[in-house]
Amino acid sequence: MCVRRCAITVGDLGEFGVVNRITARLPQGAAVILGPGDDAAVMSAPDGRVVVSTDLLLEGRHFRRDWSGGYDVGRKAAAQNLADIAAMGATPTSIVVGLGIPADLPLDWLDALTDGFRDECATVGASVAGGDVTRCDLVVLGVTALGDLNGRAPVRRSGARPGQVVAVAGRLGYAAAGWALLEAGVPADGPALREAVAGHRRPCPPYAMGPVAAGLGATAMLDVSDGLLQDLGHVAEASRVRVELDPEAFAVAEPVAAAAKELGADPLEWVLTGGEDHALAAVFPADVRLPAAWRVVGRVSEGEGVVVRGREVGRRGWDHFQ
């Protein structure tokens, strides 16, 4: 009879048992020449160039296990890296994962985490091609994503020019609204509040719009990870221009508005400064006809910094060291 602990943990399985359990859940796509099992993976690079991005996620800082299950954490960790690849105008091909986990982590949480990685990668045809695992007091994820430019030039942050327009694809404010609800301990009663909380747990980046923007001639692009104002500040600095935003161009989604009403907050503040939605923000020549997924929210002018209706706002958003 089980008295104190019934769940099987990673410590019960051991390091190589954990590795085998993870890899057994990870199918490999066409871009993977050699997947898990050797000292390194081997990927095809048809373009002759590889786009690379890496991120860390730490339990207690980027996610909480009492707020998010393993599946959501896996989806979120993969999403924020795959979005970086899309923001360069590239197509994600694979990720590799460095995983630090406690010995008492239940195996079903690890399985869910692995499935989250797998399923988020599957949305863009990418694979989990390998990684490493070690013991750690908290769950720590180091994810590196790879991508293919398909013959295009990378879209950098430094190409914006006066007279061009600023546009956004994807959701803004969801992650910040969901975090605020969880932090306040407000029950997510009703579909709108539940959707806001889900936005914190699992972002929905518009991956396909990265290569689309590159094909349309985007001159600058990035993913919105630290807040729109903060991230567009990087474009303004790199391009030596001013970004002017029109607050009336931002439609506040119902889940964000509902969370703001519940908490007495300003929903536009979440839209402009909330991070981790991983929308894409890009700059285009003014004469480019944009598809419906892209909405124009401002323009580029001579000067510096980011302004909202003529008011300097600075780089308000997430900063790990503040």
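**Exercise 1. The burial of helix α5.** Determine which residues of α5 are buried and what they pack against.

*Solution.* 
Step 1. The buried residues in α5 are Tyr174, Ala175, Ala176, Ala177, Gly178, Ala180, Leu181 and Leu182. Buried stands for a relative accessible area under 20%, exposed for over 50%, and partly exposed for what lies in between, with a 1.4 Å probe and protein chains only. Helices are DSSP runs of H or I with at least four residues, strands are runs of E with at least two, and both are numbered from the N terminus.

The model is predicted: local features need pLDDT of at least 70, side-chain atom pairs count only at pLDDT 80 or more, and totals for chains, interfaces and linings use all residues. Residues are numbered from 1 along each chain as its sequence is written, and side-chain values use heavy atoms, with hydrogens and water left out.

Step 2. Eight of the 11 residues of α5 are buried, so the helix is largely enclosed by the rest of the structure.
Step 3. The buried residues of α5 pack against α6, α9 and α10 (267–273). Contact means heavy atoms within 4.5 Å.
Step 4. Ala184 also belongs to α5, which covers residues 174–184. Ala184 is partly exposed, at a relative accessible area of 47%.
Step 5. Just after α5 comes Gly185, with a positive phi of about 70°.

**Exercise 2. The crossing of α5 and α6.** Describe how the axes of α5 and α6 cross, and name the residues that meet.

*Solution.* 
Step 1. The two axes come within 7 Å and cross at roughly 105°. Axes are lines fitted to C-alpha atoms, for helices over the stretch in contact, and angles run from 0 to 180 degrees between N-to-C directions.
Step 2. α5 is therefore roughly perpendicular to α6. The cut-offs are under 35 degrees for roughly parallel, over 145 for roughly antiparallel, 65 to 115 for roughly perpendicular, and oblique for the rest.
Step 3. From α5, the residues in contact are Tyr174, Ala175, Ala177, Gly178, Trp179, Leu181 and Leu182; from α6, they are Leu193, Glu195, Ala196, Val197, Gly199, His200 and Arg201.
Step 4. By class, this contact has nine nonpolar, three polar and two charged residues. Nonpolar covers Ala, Val, Leu, Ile, Met, Phe, Trp, Tyr, Cys and Pro, charged covers Asp, Glu, Lys and Arg, and polar covers the others, Gly among them.

**Exercise 3. The crossing of α6 and α9.** Describe how α6 (residues 191–201) and α9 (residues 254–263) cross.

*Solution.* 
Step 1. The axes of α6 and α9 come within 8 Å, and they cross at roughly 100°.
Step 2. This makes α6 roughly perpendicular to α9.
Step 3. On α6 the contact is made by Ala192, Leu193, Glu195 and Ala196, and on α9 by Glu254, Pro255, Ala258, Ala259 and Glu262.
Step 4. Six of these residues are nonpolar, none is polar and three are charged.

**Exercise 4. His200 and Ser68.** Is His200 buried or exposed, and what does it contact? Where does Ser68 lie?

*Solution.* 
Step 1. His200 is placed in α6. With 6% relative accessibility, His200 counts as buried.
Step 2. Leaving aside neighbours within four places in sequence, His200 contacts Trp67, Lys76, Tyr174, Ala175, Gly178, Trp179, Leu182 and Glu276.
Step 3. Ser68 lies in the loop between β3 (51–58) and α3 (70–87). Ser68 is buried, at a relative accessible area of 5%.
Step 4. Not counting residues up to four places away in sequence, Ser68 touches Val73, Trp109 and Arg201.
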